[in-house]
Amino acid sequence: MPEAESSHIHAHDVWRRYGRGKKTFDAVRGVSFTVRPGQLFALLGTNGAGKTSTVELLEGLAAPYRGRVRLFGDLDPIADRARIRPRTGAMLQEGGFISHLTVRESVEMWAELTSRPRPVEQALELAGLSHRRDVMVQNLSGGEKRRLDLAVATLSRPEVLFLDEPTAGMDAEGRHATWRLIGELRERGSTILLTTHYLEEAESLADRLAIMHRGRIAASGTVAEIVADHPSTLSFGLDDRWTVRDLPIGGTSLEERGGRVTITTGQLQKDAARLLAWAEEKGAELERFTARPASLEEAFISIAGRDDGDDRDGEDGRDGGNDGDGRGDRGGETLAGIGAKQGEEA
């Protein structure tokens, strides 16, 4: 596979199945993507979409039921673990630190287990924890514990870094500080795969992304490529002299509700210009006129809201908001919270 040979992460038709016999559940179903050296690739999805289950396959924590995973061209995450581990870092959803150790002692302990680790003080500074070095882990905030996870994950100066919900539990300031750190790691040449609920996070950081839904990749590409598949909207109110039949725009989706006209269009600039020119010529007032381009949020909500039916293999069909293994995407948000909490504290 030429594509796999030039990649740092390659998944081809990967499936992950839980259970046996009739009580099986496919949390990941035919997922394929490639991450090239130096890229940051984001996996988006609601709880239960299969993000964490996918990342665990890439990390070699489980073998795929079907399909193929390769790192650094041709290395198998399980069979070639000894060759892969020194070149990768992973930030899991929960770090499992010893609560009565200090921050510095925790990083020192992990450094003893790491091949050619960076200096402990450098790792703490990189994660923004230098001023908390002598604080016990049990006294850290949720966001600070995530930074400690990141400090440990980057100890080995990894070529490939897996970040599973890296900013879950952080306030807005901590989230933006972590984004800057991730950006610095990418600039230094690391290949990064992150899972996230935050659309702003994916838009700000990712070179490419994929949106997962019910175990499959429903859309992938750059933000612009994904958004291009979703229409823009024009919205306004019309005064009593005019009806929608008078409007100069045809061949688009038009809806009138509650005194507001909403036009769905794939050519926002042209239709907006045509509409405004008509209003100027006719002396019509377009009340509270808005022109909104398609956004990643709209694309995400459109995909996440699809009712594809439970076409997964197995008979129990259980989901329950988990990532297929009963644990779920801990620290994440529900779909309803996605749009409401952009830029707010988690």
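Student: How many salt bridges does the count come to?
Tutor: The count comes to 15 salt bridges. The rule asks for a side-chain nitrogen of Lys or Arg within 4 Å of a carboxyl oxygen of Asp or Glu. This is a predicted model: local features need pLDDT of at least 70 and side-chain atom pairs count only at pLDDT 80 or more, while totals for chains, interfaces and linings use all residues. Residues are numbered from 1 along each chain as its sequence is written, and side-chain values use heavy atoms, with hydrogens and water left out.

Student: What makes Glu56 and Arg16 a salt bridge?
Tutor: Their closest N and O atoms are 2.7 Å apart. That is within 4 Å, so the pair counts. Glu56 lies in helix α2 (residues 51-59) and Arg16 in strand β1 (residues 9-20), so the pair ties together parts that are 40 residues apart in sequence. Helices (H or I, at least four residues) and strands (E, at least two) are DSSP runs, numbered from the N terminus. Both Glu56 and Arg16 are buried, meaning under 20% relative accessible area, with exposed over 50% and partly exposed in between (1.4 Å probe, protein chains only).

Student: What makes Arg208 and Glu225 a salt bridge?
Tutor: The closest N and O atoms are 3.8 Å apart. This pair links distant parts of the chain, with Arg208 in strand β8 (residues 208-213) and Glu225 in helix α9 (residues 223-228), 17 residues apart.

Student: Why is Arg208 called partly exposed?
Tutor: Its relative accessible area is 30%, so Arg208 falls in the partly exposed range. Glu225 has 42%, so Glu225 is partly exposed too.

Student: Why does Arg257 count as exposed?
Tutor: Its relative accessibility is 63%, which is over 50%, so the label is exposed. Arg257 forms a salt bridge with Glu255, the closest N and O atoms being 2.6 Å apart. Glu255 has 39%, so Glu255 counts as partly exposed.

Student: Which residues are linked in a network of salt bridges?
Tutor: Arg104, Glu121, Arg133 and Asp134 are.

Student: What is the strand order of the open sheet of four strands?
Tutor: The order is β11-β12-β10-β13, with antiparallel pairing. β11 (253-257) and β13 (286-292) each have a single partner strand, so one side of each is left without a neighbour in the sheet, and both stand at the edges. On average, neighbouring strands here are turned by 15° against each other, direction ignored. Axes are lines fitted to C-alpha atoms, for helices over the stretch in contact, and angles run from 0 to 180 degrees between N-to-C directions.

Student: How do you know that β11 and β12 pair?
Tutor: Five bridges join β11 to β12 (residues 260-265) in the antiparallel sense. Pairing needs at least two bridges found by DSSP, so these strands qualify. Glu255 stands opposite Thr262 in β12. Helix α10 (residues 268-282) packs on the sheet and touches β10 (232-238), β12 and β13, its direction making about 165° with that of β13. Contact means heavy atoms within 4.5 Å.

Student: Why is β6 called largely enclosed by the rest of the structure?
Tutor: Five of its five residues are buried, so β6 is largely enclosed. Val160, Phe162 and Asp164 point one way from β6, and Leu161 and Leu163 the other way. In a regular strand the side chains alternate between the two faces of the sheet.

Student: Which strands do bridges join to β6, running parallel?
Tutor: Four bridges join β5 (residues 88-91) to β6. In β6, Phe162 is the bridge partner of Ala90. Five bridges join β6 to β7 (residues 191-196). From β6 the chain crosses through helix α7 (residues 172-187) to β7, and this β-α-β crossover is right-handed. The label applies if, with the strands pointing away from the viewer, the path from the first strand over the helix to the second runs clockwise.

Student: Where is Arg157 found?
Tutor: Arg157 sits in the loop between α6 (142-153) and β6 (160-164). Its relative accessible area is 44%, so Arg157 is partly exposed. Leaving aside neighbours within four places in sequence, its contacts are Arg116, Pro117, Arg118, Pro119 and Gln122.

Student: How many helices and strands does the protein come to?
Tutor: There are 12 helices and 13 strands. Buried residues make up 48% of the 346 residues.
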